[in-house]
Amino acid sequence: MVPTSEFENLRPQLTAMAFRMLGSIHDAEDAVQSTWLNSVRVDGTEIRNPAAWLTTTLTRVCLDQLRARGRRQEDPLFADALPAEAVAADELHLQREDVSRALMVVLDRLTPSQRVAYVLHDLFAVPFGEVATILGTSVDGAKKHASRARGRIALTQLDSESKSELPSAAATRVVDAFLAAARGGDLDAMVALLADDCVRVADRSLVPPGTPTVVRGARAVAEETRLFVDRIRASTPMWLGDRVVHVIAPGGHPLAVIDIAVKSGRVARIEIRRMTSPALSECS
């Protein structure tokens with residue numbers, strides 16, 4: 001059995017691992033609890049390296065869950081298909097632990113083996129020898145899983161260096177400035193960045209009843225944007241196919257795409273559309 005004090009010291013890291021593997025803080029905490037119960041069942045057996053034993057046991061619990069989802073052919077759920085309290089809990093954890101929102105979106109599109117190999121090795125520095133043992137494969141096999149995950153993630157990540165290299169870097173700065181103003185609810189700053197004839201178009205399912213799907217004019221668009229500050233704060237820039245968009249993903253669960261067009265240095269059109277499985281496959 002692992003000493004209780006040692007398990008409690010390791011609990012935050014175990015929870016962090018499980019959250020990235022399962023994408024849900026509730027599922028992560030359940031997996032950590034299952035790991036603890038498994039350690040109780042080996043009472044009387046010497047565990048020489050509790051940290052390694054707990055990591056291995058936890059990962060196998062998570063791997064079983066991920067593979068079960070695959071057997072049930074469950075696609076990753078979008079934010080509005082999950083209980084609101086679950087999304088809120090994931091969002092709170094994501095913000096508190098400073099977890100990459102974009103990364104959580106992409107991790108959900110990996111195979112179980114790719115996800116486990118990437119999380120363990122690339123995020124938590126677990127040696128490939130241990131990863132291979134957990135996955136039941138060779139070291140080379142574990143490295144291939146991590147490499148494939150890395151490649152898929154790289155296709156979607158947009159860092160400050162890549163932004164500066166975009167052909168439309170100036171337009172990107174305008175978009176970033178507009179979204180920063182929107183997150184802060186700064187009406188005047190938004191209006192200054194919007195073209196006078198700016199248009200905002202949104203899917204009917206993404207706006208409350210009675211809210212127009214098309215809004216025209218800088219002032220009207222800015223005022224309407226302030227109604228959706230929480231969603232904008234839950235957005236992250238990502239590549240979607242050959243375009244840079246902002247994916248709304250509360251708690252790391254995708255919901256919609258904000259696609260912003262810039263003309264003559266000002267925002268000319270904002271399109272907010274629901275994300276679909278085919279769209280997600282483009283960024284994985």
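A residue counts as buried under 20% relative accessible area, exposed over 50%, and partly exposed in between. At 38%, Glu8 is therefore partly exposed. The model is predicted.

**Packing of α2 and α3**
- Helix α2 (residues 25-41) packs against helix α3 (residues 50-71) at about 130 degrees, and their axes lie 9 Å apart.
- The two helices are therefore oblique to each other.
- The crossing of α2 past α3 is right-handed.
- From α2, the contact uses Asp27, Ala31, Val32, Ser34, Thr35, Asn38 and Ser39.
- From α3, Trp53, Leu54, Thr57, Leu58, Val61, Cys62, Gln65 and Arg69 take part.
- By class, this contact has 7 nonpolar, 6 polar and 2 charged residues.

**Salt bridge within α1**
- The whole structure holds 10 salt bridges. One of them joins Glu8 and Arg11, with the closest N and O atoms 3.0 Å apart.
- Both residues sit in helix α1 (residues 4-22), 3 residues apart, or about one turn of the helix.
- Arg11 has 27% relative accessibility, so Arg11 counts as partly exposed.

**Salt bridges between elements**
- Asp80 pairs with Arg274 in a salt bridge, the closest N and O atoms being 2.5 Å apart.
- Asp80 lies in the loop between α3 and α4 (84-96) and Arg274 in strand β6 (residues 266-274), so the pair ties together parts 194 residues apart in sequence.
- Asp80 is partly exposed at 45%, and Arg274 is partly exposed at 25%.
- Arg101 and Glu91 form a salt bridge at 2.8 Å, N to O.
- Arg101 belongs to helix α5 (residues 101-107) and Glu91 to helix α4, 10 residues apart.
- Arg101 counts as buried at 10% relative accessibility, and Glu91 counts as buried at 13%.

Terms used
Residues numbered from 1 in each chain as written. Predicted model: local features only at pLDDT ≥ 70, side-chain atom pairs only at ≥ 80, totals over all residues. Heavy atoms only, no water. Axes fitted to C-alpha atoms, helices over the stretch in contact; angles between N-to-C directions. Helix = DSSP H or I, 4+ residues; strand = E, 2+ residues; numbered from the N terminus. Parallel < 35°, antiparallel > 145°, perpendicular 65-115°, else oblique. Left-handed = near helix turned anticlockwise from the far one by under 90°. Contact = heavy atoms within 4.5 Å. Nonpolar A, V, L, I, M, F, W, Y, C, P; charged D, E, K, R; others polar. Salt bridge = Lys/Arg side-chain N within 4 Å of Asp/Glu carboxyl O. Buried < 20%, exposed > 50% of the residue type's maximum accessible area, 1.4 Å probe, protein only.
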